[in-house]
Each structure stands twice: as structure tokens, then as C-alpha cells.
Amino acid sequence: MVLSTKQRVNMKRHTNFEKRPDFIQQLEGIGMNYWDAPSGPEKLPYWQEGTVYAFSETQVDRIQESTQELHNMCMEMVAQMVKSGDYPAYFKLNERDIPLIEQSWQLKNPSLYGRFDLVQQLDGSLKMLEYNGDTPVSILECSVAQWHYLEQIKNLPNGQPVPQELRTQYNLIDETLTETWQKRFSPGSLIHFAASGGFRHEDFGNLIYLMDNALRSGMTVKEIQMEQIGLTPENRFVDLEDKEIRDLFKLYPWEWITEEEFGKNIIDAPTRWMEPAWKMLLSNKAMLVKLWEMFPDHPLLLESHIHKPTSYSKWAKKAIHGREGSNIFQSTFENGTHVERLAQGSHLVPEYDHWGYMHQKWVDIPNHDGYYPIIGSWIIGDQACGMSIREDKNLVTGNNAFFASHMMIPYDLEDKYSYLWK
């Protein structure tokens with residue numbers, strides 16, 4: 001197929017970029033000690049040193065603008081739901097969820113971050129797969145690791161030195177985080193950071209990065225495990241030193257929090273949570289159904305329904321609280337019969353079943369050298385500001401996907417370096 005100039009795919013995968021001789025020390029030096037997490041069928045390292053996706057700045061603009069538009073649509077969805085008090089049953093909210101959602105929205109508790117997962121199609125257009133609105137990870141490798149890589153390599157794949165004009169990527173995450181902390185908190189403000197003691201190295205690495213950024217932004221930070229948070233008789237959350245927790249960043253899902261015993265105390269405690277409780281409406285794949293109801297046929301959205309569609313199209317059936325590519329089924333009609341099977345690359349987590357499922361029209365991810373890349377497009381505060389690439393050899397981007405760096409070819413150099421991105 002020959003694409004017109006308007007349709008050209010402004011992205012190209014390269015596997016022969018330079019590998020730094022000390023890349024292991026570089027990665028572990030920034031706290032990315034999970035760089036070698038076994039990934040893919042060959043159990044290769046998660047971090048793909050030397051693999052780079054090159055984008056034209058024209059396409060990066062499209063990604064940024066689309067991400068901002070999706071964020072604005074999500075905020076409109078939350079505002080409408082809270083104002084109307086209409087929370088569809090398919091969100092599976094419990095009796096604690098709605099009061100917390102409404103309280104946090106009315107108090108204007110702000111969001112820190114989120115990540116949209118996007119598919120870039122062959123014509124360069126984008127489709128939203130889902131939104132990781134509560135506990136997204138891969139921010140350390142996106143904000144710091146891939147930036148260091150682009151700064152440190154010496155040569156292009158053709159052996160020519162990397163000109164300074166090409167050491168650029170769509171990545172303002174670290175700077176935007178700093179601006180967000182400083183805008184929302186006074187210098188020296190104490191912020192607690194929490195995750196579960198049983199979380200993976202990847203989760204801990206992301207938590208430590210966010211702590212480090214807040215510290216560099218002038219804040220005071222303390223780490224605590226969720227299991228160590230205490231409660232006073234006055235219904236105030238405290239740390240192990242009985243210091244009140246006024247502001248808490250938690251890398252821990254809201255749907256777990258509100259089902260646990262201490263969840264009943266949150267509504268009357270003065271602690272401000274990041275992400276705020278209203279993000280429960282955006283950390284739930286049911287939001288894909290609601291967005292489609294509000295913005296039908298929007299070019300960035302995939303048709304989504306709570307019930308199984310009766311059309312003869314191909315559909316993805318997704319657990320509304322599934323993570324890391326789990327519990328995703330592919331539904332098709334074969335020889336007049338409906339067939340549903342676990343999608344290639346997905347895996348089953350039984351505990352996700354009880355929240356239920358939604359259905360989203362299946363979209364094929366273009367294949368690049370045997371890999372299927374997903375664009376993780378980041379929102380910090382309320383601003384689209386960077387992207388990461390995860391690629392998988394399976395149709396579903398799962399917990400053994402790889403991370404690849406990217407570079408951006410500036411507008412005035414797109415023709416000169418067209419071989420990089422076309």
C-alpha cells in the first residue's frame with residue numbers, strides 16, 4: 001500500500017542505535033534496578049538498549065494535541081457525572097466510593113498525573129485504548145532513562161555523529177512535575193509517599209523517582225508503606241513517628257482502598273490524597289463506555305459498550321479493573337458462531353472478575369519488525385507533556401512488554417532526516 005503525504009506514518013522503529021558500554025550502571029544509577037526484568041518469550045531485559053522509535057515533530061504535535069483533547073474530555077465526563085449524580089451501575093462503585101468522589105471533586109483536590117495508552121495507526125491517526133488514571137508506572141524510564149540515553153549516545157545508526165539538533169524528544173515530564181509541585185505546595189511542605197510492601201521493584205522505582213522530584217522541587221518527603229499508616233482516635237492518619245499525614249501520594253489503587261477496613265475512615269479524615277478519589281471514575285475501564293456515550297464516533301475513541309455487542313465485528317472484552325494486560329478476551333464470530341478466547345499475551349487474574357467487564361471494538365496495532373508498540377502519553381497536572389513506548393510481541397501489551405526510547409525530528413529537519421522517521 002502506498003500512503004499519500006497526508007497519510008504517511010510518521011514513526012519508524014530502529015534496532016541498531018548505539019548501545020552505551022556502561023548503560024547498566026547508568027540505569028541503576030537513577031534507581032532503575034528493574035531494567036533487566038525478564039520480558040518477552042525469550043525473557044530478554046525489559047529495557048531495550050539501542051531500540052529507538054523516531055517520530056517527526058508533526059506527529060508528536062498530533063500526539064500531544066490528541067492527549068490534551070482526551071484529558072479535557074475526561075474532565076468533562078467527571079464534572080457531568082458529579083453534577084448530575086448519575087453513576088451508572090456498570091462502574092461497580094461501592095457505598096464508600098461515591099461520597100469520596102463527590103467530596104474530593106467539590107474540594108477541587110487536584111490530580112498529579114495519568115497516562116493514556118494510544119495506538120498509532122498506519123495513516124498516523126490515533127486511537128485511545130485506555131487511561132491509566134490512578135496508578136500509572138513507567139514514569140522513571142520515560143522521564144529520565146530515555147532522556148539520558150538520547151543525551152549520551154554518540155552516533156546514529158549510519159555511523160555519523162549525533163548532531164545536537166537531533167538530541168530532542170517529546171519529554172517535559174520532569175520539568176512539568178517540578179512546576180506542578182511548586183504550584184500546589186509551599187516550599188518545605190511535607191508530602192508522604194506510600195506503596196504496598198508487596199509491590200514490585202518497578203513500582204518502588206517509580207515511587208522513589210516521584211519522591212526525588214518532589215524533593216528537588218523544594219518539598220519535604222517521607223516514605224511509608226500503606227500497611228504502616230496509623231489512625232488516631234481523632235480520625236487523623238499518621239506515620240510511624242505519629243506525624244500527621246496531611247498530603248499523601250499513594251501508588252495503591254482506589255478500588256482496593258475503599259474495600260479495606262481503613263477505607264471507611266477516609267471521608268472524615270483531613271488527609272489530601274494523590275491521586276484524588278474522583279480519579280476512581282477515570283481508573284476504571286467503564287469510563288470508556290461513558291466517554292463513548294458522551295462523545296459518540298469521536299475519532300480518538302473506540303466504540304465501547306458494557307454489554308456484548310451483537311455485530312459481527314471483532315471486540316475486546318476487558319475487565320474494568322484489569323492491569324498489565326490481564327483479563328482481556330478477543331470476541332469474534334467464526335462461521336456464524338460467537339467465539340471468545342483469551343487474547344494473545346493476556347493472562348488471567350481471578351480477583352479482577354468480580355468487578356465485571358466492558359467491551360471495546362478491537363483495533364489492530366501496526367506491526368513493527370514483529371513488535372506491537374503502544375504510545376504512553378502522559379498528563380502531568382493538566383498538561384500533556386511527554387510520551388513513552390512499550391512494545392510487545394503479543395497482541396496485548398502485557399506485564400512482560402519491553403520499553404523502547406524515542407527521538408523527535410524537528411520540523412525544519414524532517415526532510416533532511418526523513419530516513420529516520422519515514
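## A parallel sheet, a covered helix and aromatic pairs

In this predicted model, four strands make up an open sheet with parallel pairing, in the order E8-E7-E11-E12. Strand E8 (220-225) and strand E12 (272-274) are at the edges with a single partner strand each, so one side of each has no neighbour in the sheet. On average, neighbouring strands of this sheet are turned by 25° against each other, direction ignored. Six bridges join strand E7 (residues 190-195) to E8 in the parallel sense, and Leu190 stands opposite Thr220 in E8. Helix H6 (residues 201-216) lies across E7, E8 and strand E11 (247-251), and runs at about 160° to E8.

Helix H8 (residues 286-294) is mostly covered, with eight of its nine residues buried. Among them are Met287, Leu291 and Trp292. The buried residues of H8 pack against helix H2 (57-84) and the strands E6 (126-132), E13 (304-305) and E17 (357-361).

The whole structure contains 18 aromatic pairs.

Trp47 in strand E4 (residues 47-56) and Phe403 in strand E20 (residues 402-409) are 356 residues apart, and their pair links distant parts of the chain. Trp47 is buried, with a relative accessible area of 2%; Phe403 is also buried, at 0%. Ring pairs also link Tyr113, Trp181, Phe185, Phe193, Phe249 and Trp378 into a cluster.

Technical notes: Residues numbered from 1 in each chain as written. Predicted model: local features only at pLDDT ≥ 70, side-chain atom pairs only at ≥ 80, totals over all residues. Heavy atoms only, no water. Pairing = 2+ DSSP bridges. Helix = DSSP H or I, 4+ residues; strand = E, 2+ residues; numbered from the N terminus. Axes fitted to C-alpha atoms, helices over the stretch in contact; angles between N-to-C directions. Contact = heavy atoms within 4.5 Å. Buried < 20%, exposed > 50% of the residue type's maximum accessible area, 1.4 Å probe, protein only. Phe/Tyr/Trp six-rings, centres within 6.5 Å; stacked < 30°, edge-to-face > 60°.
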